[in-house]
Amino acid sequence: MAWVSLLFAGIFEIVWAWAMKASDGFTKPWAVVLMLATMGLSFALLAHAMRVLPLGTAYAVWTGIGALGAFAVGIVVLGEPATALRMLAAGLILSGIVMMKLAT
């Protein structure tokens with residue numbers, strides 16, 4: 001259950017990162033509300049996962065999911081470039097997440 005909580009914590013991290021970007025410097029109230037709500041959910045689920053998982057593993061996986069997800073949203077939704085070097089960097093982050101999971 002801790003891993004499921006951690007996965008959803010990471011997904012909510014992706015949403016709040018996108019909502020922060022969409023808030024346009026906190027000038028769009030709907031985006032700020034979405035950001036704050038999903039940020040709270042993300043932290044609560046991370047805290048729940050940390051009751052079982054080691055701190056380093058939980059935090060690294062949470063930030064990795066958020067980083068990869070925000071990277072993907074940037075490419076797919078916001079039209080950011082998907083250069084070979086950026087894709088390689090994302091692959092390295094993914095390999096780190098997998099290794100953390102295997103090491104726990």
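Reader: Which residues is Leu45 in contact with, once its neighbours within four places in sequence are left aside?
Author: In this predicted model, Leu45 is in contact with Ser5, Phe8, Ala9 and Phe12 when those neighbours are set aside.

Reader: How far apart are Leu45 and Ser5, in sequence and in space?
Author: The two residues are separated by 40 residues in sequence, while their C-alpha atoms lie 5.3 Å apart in space.

Reader: And where does Leu45 lie, and how exposed is it?
Author: Leu45 belongs to helix 2, which runs over residues 29–50, and with a relative accessible area of 22% it is partly exposed. The cut-off for buried is under 20%, so Leu45 does not count as buried.

Reader: Which residues of helix 2 are buried, then?
Author: The buried residues of helix 2 are Ala31, Val32, Met35, Thr38, Met39, Ser42, Leu46 and Ala49. Around the axis they cover an arc of only 140°, so they sit on the same side of helix 2.

Reader: Why would residues three or four places apart point the same way?
Author: Because an α-helix has 3.6 residues a turn, residues at that spacing point the same way.

Reader: What is exposed on the other side of helix 2, and what do its buried residues pack against?
Author: Pro29, Val33 and Leu36 are exposed on that other side, whereas the buried residues of helix 2 pack against helix 1 (2–22) and helix 3 (55–76).

Reader: What about the span of helix 2 from its first C-alpha to its last?
Author: Helix 2 has 22 residues and reaches 31 Å between those two atoms, which is close to the 32 Å expected at 1.5 Å a residue.

Reader: Staying with helix 1, which of its residues are buried, and what covers them?
Author: Ala2, Ser5, Leu6, Ala9, Gly10, Glu13, Ile14, Trp16, Ala19 and Ala22 are buried in helix 1, and their cover includes helix 2 and helix 3.

Reader: What happens just after helix 1?
Author: Asp24 takes a positive phi of about 55° there. Ser23, in the loop between helix 1 and helix 2, counts as buried because its relative accessibility is 1%. Apart from neighbours within four places in sequence, Ser23 is in contact with Lys28, Ala31 and Val32.

Reader: Switching topic, how many residues are in the largest nonpolar core, and which have the most contacts inside it?
Author: That core has 15 residues, and Leu6, Leu46 and Leu53 are those with the most contacts inside it. Helix 1, helix 2, helix 3 and helix 4 (84–103) each give two or more residues to this core, with the largest share, 6 residues, coming from helix 3.

Reader: What does Leu46 touch?
Author: Not counting residues up to four places away in sequence, Leu46 touches Leu6, Ala9, Ala58, Tyr59 and Trp62.

How values were computed: Residues are numbered from 1 along each chain as its sequence is written. This is a predicted model: local features need pLDDT of at least 70, side-chain atom pairs count only at pLDDT 80 or more; totals for chains, interfaces and linings use all residues. Side-chain values use heavy atoms; hydrogens and water are left out. Helices (H or I, at least four residues) and strands (E, at least two) are DSSP runs, numbered from the N terminus. Buried means under 20% relative accessible area, exposed over 50%, partly exposed in between (1.4 Å probe, protein chains only). Contact means heavy atoms within 4.5 Å. The expected span of a helix is 1.5 Å times one less than its number of residues. The arc is that of the directions from the helix axis to the C-beta atoms. A nonpolar core is a set of buried Ala, Val, Leu, Ile, Met, Phe, Trp, Tyr and Cys residues joined through side-chain atoms within 4.5 Å.
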